[in-house]
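My entries follow in the order in which I worked.

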Amino acid sequence: MNQLLKQAISTLIRMVLLLVGVSMVTFLLVISSPIDPIDAYVGAESNVSQEQRDNIAEYWGLNNPPVERYFTWLSNLIKGDMGTSISYQKPVTEILGSRFLASLTLMAVAWLLSGIFGFLLGVMSGAMQGSIFDKCVKALCFVLSSTPTFWIGLLFLMLFSVVLGWFPIGLSVPIGKLSSEVTLLERVHHLILPAFTLSITGISGIALHTRQKIIDVLKMDYVLFAKARGESKWTLIRRHGLRNIAIPAITLQFASISELFGGSVLAENVFSYPGLGSAASAAGLKGDVPLLLGIALCSVLFVFAGNLIANLLYGILNPQIREGGKLG
Amino acid sequence: MKNLRMNSKLNRRTKTVVLAGVIILLLVSISIFGIVMSPELYAPDYSAKKMVPSFTHPFGTDYLGRDMFFRSMKGLSTSILIGMLAATVSAFMALALGLLAATAGGWVDKVVSYFVDLFMGVPHMVLLMLISFMLGGGLKGVIIGVAVTHWPNLTRIIRGEVMQVRNAQYVKASRKFGTSKLQVALRHIVPHVLPQFIIGLILLFPHAILHEAGLTFLGFGLPIDAPAIGIILSEALKHIATGMWWLVFFPGVMLVIVVMLFDKLGEQIKLLMDPGSAQE
Amino acid sequence: MSTANILDVRNLSVSFLMYGRGLEQKELNVISDLSVAVKEGEILAVAGSSGSGKSLLANAILGILPSNARVKGEMLYCGKKLDSKQQQRLRGKEIALVPQSVGYLDPLMKVGQQVIGADGCREKQEAVFKKYGLADFVKKLYPFQLSGGMARRVLVSTAVIGDAKLIIADEPTPGLSKEIAQTAMGHFRSLADEGCAVMLITHDLDLALAYADRIAVFYAGTTVEIAAAKDFRAGVDALRHPYTKALWRAMPHNGFQPIEGSQPYAGDLPKGCLFAPRCPQRTEACEEKPSMRPLRGGEVCCSNAT
């Protein structure tokens, strides 16, 4: 247990260091953009006087050196102030708060779906290696890994919303309703297509990984021995296969959160789903620096949390790490 | 028996070479076709708006009467070229940093590893948007963005490969016999790293193309009227309610096919260069 | 002989199909025309040098060969035909395998659960552990936490828990210290004394001689001689086959003379007697394939042996 604690602490320290680095890099990238934040704020064709512009620049501290601006931003960040979004005219924290939950739901559903389906497909095709089913799964995964998320979204939107009319075209709640009036059913209705889109792209990675692991496990001596003890193929897979592939599969699934977030930016844009992803691209296009920074940090936290959980789970689930050392 | 095995091995190799050759030919012809094609071919034609696919317009036409087949080809060509350029830049960054980290060791190695972790910690799509934003959009933003997001993985692989060779007994032994650093590099390290580098480079292409398409789809980078696959598809999204399915379907299918071809190509090259890692 | 054969293997051949170019196929004979029988209450050692396909014999008896293997010949279990259906029914219950090492245990499953197996019960496991002097806490350990001696006892437990009548031990003492190896062999001896038939597959002739009742000498995928252990102790003249005699002379305390040549490759076996190319007493008769015949209370597979 002590070892596990040590490992957790060192991982945590490493992650904090990385977070600091990421925040610096992100800040530097964003403030060195040639897009003038004041133009973005006041609008390109407005006739704001030079004096007013100077005032804004002074107020935002645009004339200060980058290092000072970084520390000002950082100290505000620690106090919980992420600035005000230019395009929404609202505090960034408020926007993040409302969109974070929407994105989290979307990603969690997609993550679970892709994890479960990918794992099942992988186990089955690995157990039936060489069969027609296995060949189909392999081909499917190959195609899926080459397919951009947003195109799958477009196909779904075309087929299910436009042609069949089963689902709405865009927005996570019906237009013209206050979000407090929206029923759970309506929310789910708007969530289904983006979630499916996002989960489909995640399936191939986990399925192919699981398939290979099952094939490897079935070649192991301990499986041969279990077979010699009268266990049938599916008993073998249930008793020994799942046990031995679950840890790497779960680790992989947690580590794939980075790709999931990237995919959600695209999926949210296709379905005009009001989460962090669609806000991020809008912020980037409109030059909304505070919001872009906030979302970037948010996404990094997502990824770090995923990696951290993956690392910790690996230690907790694997008895060779958890109970290291021989006793006999 | 021995003879027999040799034959079947040769056979498989020839097949791989032929397949790789065909794929390269296909991809090169799409790219060249896109470059030399006259813009007339996909210019607006108001007499032929919103046409369903037919013999004259195999992929149909859009709301401006632009032929979607030629537009898609042009877009694919653009995507392939941008993707390849970005991936190549990325791969060379990875080669330089990987070699540097492995040979210099010490704090240089730590710094490189730190940056690898750092860049891997930001979702690709977010990093792409940030870099594109920093460069004020445009083609440059797309290329540099894609290049900067893709180096970390390959850097790790190359670093590991060099370290492994350097620490191998036979290399240590040969250093003891007085082989110079340069000779060690030429005789042992380069032959080991080169295949990894080439495989890594080719496997970067499909990723780079997908990310390029995603970024342009979001509206970052290329001007709105540029025929890039991402832009074509984002227009299709804007007009999705009109039910012109061919605007969505064909450009996307072509993109998927191109990415799959690159994937297959990488697989074949891997088979050729690194038969040990290839599974039956 | 009064006691009955538990297992009777007759003319067993195991081959693997290898694909050459196109549709050409090549057959790899790993076991050819092997005949051996194990009786109730005895330890029969199948001894042969490494890489002679001994482990595949165990897999063939249990019916767990890879799917590209082809099996010919006949196997009888308690006088009844042992086909794949019977194998499936009996393995893990009446026929048990004791593997080489803890590498054959699931690394992520607790030992107790593994000894119980897919359809055993806790009480039995506890009883078996007690019998082999394994403390109760051992059941909560993972295989990697076991010491060498514990591991041996756990592996034997997996066989004993199913009340096996036939126990096949595949190289049960590799890399073990002499003491632990002897204790392990002692377990098999007492199992045989309790009425089990034990087939001990090993390359360690010395150890086999110390504990087994009979020795089947294995060469290039077949048995060349079956002799009582006491024949080995009686000296070279009590043995029948030239290979067995050569093995005897190669033993450290009998002169340590190495045998010339090497075993033939399974894809390229000689036509007649498999040992003929290395045999000093080779005659023209050796170009014909010899078959097992009784001789002086044992069995031999040689045309010239007297």
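**Ground rules.** I note that this is a predicted model, in which local features need pLDDT of at least 70, side-chain atom pairs count only at pLDDT 80 or more, and totals for chains, interfaces and linings use all residues. Residues are numbered from 1 along each chain as its sequence is written, while chains are lettered from A and ligands numbered from 1 in the order in which they are written. I use helices (H or I, at least four residues) and strands (E, at least two) as DSSP runs, numbered from the N terminus.

I call a residue buried if 20 or more other C-beta atoms lie within 10 Å of its own, exposed if 12 or fewer, and partly exposed in between, with C-beta atoms placed from the backbone. 11 of the 13 residues of helix 5 of chain C are buried, so the helix is largely enclosed by the rest of the structure. The buried residues include Arg152(C), Arg153(C), Ser157(C) and Thr158(C), as well as Met150(C) and Val160(C). I then looked up what they pack against: strand 6, helix 3 (111–116), helix 4 (122–131), strand 7 (166–170) and helix 6 (178–193) of chain C. Contact here means C-beta atoms, placed from the backbone, within 7 Å.

**Sheet of chain C.** I count two strands as paired if DSSP finds at least two bridges between them. Eight strands of chain C form an open sheet in the order 6-7-8-3-9-10-12-11, with mixed pairing. Strand 6 (95–98) and strand 11 (293–295) of chain C are the edges, each pairing on one side only. From one strand to the next the twist averages 25°; axes are lines fitted to C-alpha atoms, for helices over the stretch in contact, and angles run from 0 to 180 degrees between N-to-C directions.

**Strand 3 of chain C.** Is strand 3 (residues 43–47) of chain C buried or exposed? Five of its five residues are buried, so the strand is largely enclosed by the rest of the structure. Ile43(C), Ala45(C) and Ala47(C) point one way, and Leu44(C) and Val46(C) the other way. In a regular strand the side chains alternate between the two faces of the sheet. Strand 3 of chain C runs parallel to strand 8 (residues 197–202) of chain C over five bridges, with Val46(C) opposite Ile201(C). Four bridges join strand 3 to strand 9 (residues 214–219) of chain C, also parallel, and Leu44(C) has Arg214(C) as its partner.

**A hairpin in chain C.** Strand 4 (residues 69–77) and strand 5 (residues 80–81) of chain C pair in the antiparallel sense over two bridges. Leu76(C) is the bridge partner of Lys81(C). Two residues lie between the strands, and Cys78(C) takes a positive phi near 50°.

**Interfaces of chain A.** 42 residues of chain A are in contact with 37 residues of chain B. Helix 7 of chain A gives the largest share of that side of chain A, eight residues. By class, this side has 30 nonpolar, 12 polar and no charged residues. I count Ala, Val, Leu, Ile, Met, Phe, Trp, Tyr, Cys and Pro as nonpolar, Asp, Glu, Lys and Arg as charged, and the others, Gly among them, as polar. The contact between chain A and chain C takes 20 residues from chain A and 23 residues from chain C. Here helix 9 of chain A gives the largest share of the chain A side, six residues. That side has six nonpolar, six polar and eight charged residues.

**Chain B.** I find nine helices and zero strands in chain B. Its C-alpha trace spans about 80 × 55 × 30 Å along its principal axes. Of the 280 residues, 46% are buried.

**Confidence.** I read pLDDT as the predictor's confidence in each residue, from 0 to 100. Chain A has a mean of 81, and 85% of its residues reach 70 or more. Within chain A, helix 2 (residues 37–42) is lowest at a mean of 64, and helix 6 is highest at 92. Where pLDDT is low, the predicted coordinates should not be read in detail.

Technical notes. Two residues are in contact if their C-beta atoms, placed from the backbone, lie within 7 Å.
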